[in-house]
Amino acid sequence: MLSKKMQDALNEQVRIEAQSSQVYLAMASWAEIQPGIDNITSFFYRHSDEERMHMLKLIKFINERGGFAMIPALEQPQPTFPSIKHAFKELLKHEEYVSQSINTVVDIALNEKDYATYNFMQWYVSEQIEEEALARTMNDKLELIGDDKSGLYLFDKDILMVTVGGGSAAEK
Ligand code: FEO
């Protein structure tokens, strides 16, 4: 059984994952109307789907453990960006924020000796390591490219190979 404090922290994480999905969906929609970056667009759409999976996994865990997952209201995400570089900078900033909130949930689980939740959250801890690393690599590449249009063309080609998340939805 989850304590009230643990349940509240997990529900806050549900909100953050849902908000992340919205943030990347907004990036996807903005990217879709920019010319020539079809693969970057699908990357954002995939990332948004991935965040929804993170949210669902939490909802199921909370309900399975005798709690109640509250479906939250969300904020309007940033709808447009001055450039692709800016969008990816925001993505990295957002992932860093998600990592911090995951650490808070893990801290509470440890303090409460809730080892089931602690164990469950380890999946998110490793997921964040991957997602932050991926976001940093992309920012580094975009930094190198600068304003070079052919560089951006290659970046868009490259991103096709990138897998967001550590495994298929069935494993989650
Ligand atoms: Fe679910 Fe990218 O954090």
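Student: How do the axes of helix α1 and helix α2 lie, and at what angle do they cross?

Tutor: In this predicted model, where local features need pLDDT of at least 70, the axes of α1 (residues 4-32) and α2 (residues 38-64) come within 8 Å and cross at roughly 165°. Axes are lines fitted to C-alpha atoms over the stretch in contact, with angles from 0 to 180 degrees between N-to-C directions. Residues are numbered from 1 along each chain as its sequence is written.

Student: Why is α1 called roughly antiparallel to α2?

Tutor: Angles over 145 degrees count as roughly antiparallel. The crossing is at roughly 165°, and therefore α1 is roughly antiparallel to α2.

Student: What makes α4 roughly antiparallel to α5?

Tutor: The axes of α4 (residues 115-145) and α5 (residues 149-158) cross at roughly 160° and come within 9 Å. That angle makes α4 roughly antiparallel to α5. The crossing is right-handed, the near helix being turned clockwise from the far one by less than a right angle.

Student: Which residues of α4 and α5 meet?

Tutor: Met138, Lys141, Leu142 and Ile145 in α4 meet Gly151, Leu152, Phe155 and Asp158 in α5, contact meaning heavy atoms within 4.5 Å.

Student: How do you know that the span of α4 agrees with its number of residues?

Tutor: The expected span is 1.5 Å times one less than the number of residues. For the 31 residues of α4 this gives 45 Å, and the end C-alpha atoms are 45 Å apart, so the two agree.

Student: What follows α4?

Tutor: Gly146 follows α4, and its phi is positive, near 60°.

Note on methods. This is a predicted model: local features need pLDDT of at least 70, side-chain atom pairs count only at pLDDT 80 or more; totals for chains, interfaces and linings use all residues. Side-chain values use heavy atoms; hydrogens and water are left out. Helices (H or I, at least four residues) and strands (E, at least two) are DSSP runs, numbered from the N terminus. Angles under 35 degrees count as roughly parallel, over 145 as roughly antiparallel, 65 to 115 as roughly perpendicular and the rest as oblique.
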